[in-house]
Amino acid sequence: MNTVVVTNVVKSYGRHRALDGLSFTAGPGVTGLLGPNGAGKTTLIRMLATVLAADSGTLRLLGRDPSAERLQIRRRLGYLPQEPGFHRAFTVFEFVDYVAILKEIVDRRARHDEVRRVIAEVGLAEVSGKRIRALSGGMRRRVGIAQALLGEPELVLLDEPTAGLDPEQRLRFRELISRIGENRTVVLSTHQTEDVAALCGRVVVFDGGRCMFEGTPEELRRVAEGQVWLSAERSGVLSWRTGEGLFRNIGQAPDAARLAEPTIEDGYLLLLGDAAVGVRS
Amino acid sequence: MTVEVRVSSVPALAVAKARRLLRHPLVLAGFALFVLASVVELRDYWGPRPAFSLLTNGMALWPGVPVFFAAELVASASRRAGGDELLGALPASRTQRTAASCLAALGPFLVACAVQMALCVGYAVQGVSLERFPTVFELALGPLCVLGAGLLGVASARWLPWAGASVLVMVALVFFNVVVNGNEATGGHLFGFYAELAVWGPWPYRAAMGFNPGHTGWHAVYLLALCLGAGALAMLRDSPRRRFWLGAGALTVIAVAVAGLGQLP
């Protein structure tokens, strides 16, 4: 059963259409929302988190209608926004405990047990007494994940969870998110194709508020099959010099080029076309 | 079909917020100053007038003023930290958070009651000389001012979400108090929050000079109605039951008017 069903959703801010008839579904496992900045990822995640309502179209979350059953959905939801807004004077334990109360875990002993469990799950047990302002960016992100896991939610929404993390932190993060996705639905927004390749069973590519692709990362990779070339000359806009000195070209084959094995990033760039490098018609 | 029974998170949230409020440096400093003043008074005895004031309305200044600012800061902490987005997706609503903040104002109030009682005991043990011992209503004035300060701080955080707004509110309160305090002969000073009940007279305040006119019992009711009004004002901001809170606010306005007139001589 699909945990998330989005059908023809439209959302506008003034004249700007952030989502323009978007449709997609997500079930158990990790689903990646992939798109460039301004594609509407955060708008969509906020809708899934029941923070924002759609102008038109329908959403079904956990089998329920968010416009009528928002509270019931929120009780089964974990959400990490792009900017969680930590109370920096709080310790890790205090912050997660505060969120636990707001998640209606009111019995003190049960709540503290749950807070300790999620803090341990994200690997922060040793710093649970430390103030949040004293933590690194990666640790703060893990605090954000910890609060999202309170109460064992069936749907976890993560908005750009790996933004600003160094490679080592991202690696730890991927390990954590993949573990979380083993037994629940995780929807994460990102503009990093590496995250999608490493984590997601399904990927939705969208740009300009519209869905451009929905499938597995392997299917996304295959979008670029037969269209990635290595050559001595640059060809077109989607072309860059690799470390080996050759140009990697996506799209039309340049002269004297040899076919290369595509990656997920190639498929993504091919779907976005000029928009991928910031050139829009 | 199973029926999901959920317990409201408001009491647990109120306890957490009360703890934060009581541990706030401003509140700690406010109570510390009051206790320090009490200790000095018990040791040095400044005379019957200052001793009477300390026991009745002294708390309006310390810790009343710091509690107002601390309550405003605690109630607006999530907004200032940029956490509204995260909290907005949680089951507990903003209205419940406001209700919890209002209930948390009972924390400093109860501590103020305890400190007030301790001071009474101190006066009795030390044999502090007063022209007369304060009535229960007079003893309640200080803690009521602390309660009102906490509730007004929450209302200020909800209605005026701008940096420095709480300072302007405090300046307005002090200005109002200074204006009405000039009317001691008519009892008009009782409309203020820091209202002198005893006549201080000339320095060094040793002589008994009697009391300002007015009904202190009604003054306590007047302060209590103002407290409830501040709470209703805070709840009105986000509650979906706006009519209920408008009605409650209207009732407190009537109570303030009745008690305000009743306190006059």
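Predicted model: local features only at pLDDT ≥ 70, side-chain atom pairs only at ≥ 80, totals over all residues.
The buried residues run from B:Gly64, B:Val65, B:Pro66 and B:Val67 through B:Phe68, B:Phe69, B:Ala70 and B:Ala71 to B:Glu72, B:Val74 and B:Ala75.

Turning to chain A, the unreviewed UniProt entry annotates residues 4-233 as "domain: ABC transporter". Over those residues chain A is 33% helix and 28% strand, and 45 Å separate the end C-alpha atoms. The domain assignment, for its part, divides chain A into domain 1 (1-76 + 154-215), domain 2 (85-149) and domain 3 (221-277).

On one side of the pairing list, strand 3 (residues 29-34) of chain A runs parallel to strand 7 and is joined to it by 6 bridges. Within that pairing, A:Leu34 has A:Thr190 as its bridge partner. Strand 6 (residues 155-159) of chain A also pairs with strand 7 in the parallel sense, over 5 bridges, and here A:Leu155 stands opposite A:Thr185. Strand 7 of chain A is mostly covered, as 6 of its 6 residues are buried. A:Thr185, A:Val187 and A:Ser189 point one way from the strand, while A:Val186, A:Leu188 and A:Thr190 point the other way, and all are buried.

Domain 1 and domain 3 of chain A have centres 28 Å apart, taken over C-alpha atoms. Where the two touch, 9 residues of domain 1 are in contact with 8 residues of domain 3. On the domain 1 side, the elements giving two or more residues are helix 7 (193-199), strand 8 (202-207) and strand 9 (210-215) of chain A. Helix 7 of chain A supplies the largest share of that side, 3 residues. By residue class, the domain 1 side that touches domain 3 divides into 7 nonpolar, 1 polar and 1 charged.

Chain A also holds an open sheet of 4 strands, in the order 11-12-10-13 and with antiparallel pairing. Strand 11 (239-241) and strand 13 (258-259) of chain A form its edges, each pairing on one side only. Strand 13 of chain A runs antiparallel to strand 10 (residues 228-231) of chain A, and 2 bridges join them. In strand 13 of chain A, A:Arg258 is the residue that stands opposite A:Leu230.

Technical notes: Residues numbered from 1 in each chain as written. Chains lettered and ligands numbered in written order. UniProt positions renumbered as here; feature names shortened; annotations may be inferred. Pairing = 2+ DSSP bridges. Domains from an automatic or database assignment. Contact = placed C-beta atoms within 7 Å. Nonpolar A, V, L, I, M, F, W, Y, C, P; charged D, E, K, R; others polar. Buried ≥ 20, exposed ≤ 12 C-beta atoms within 10 Å, placed from the backbone.
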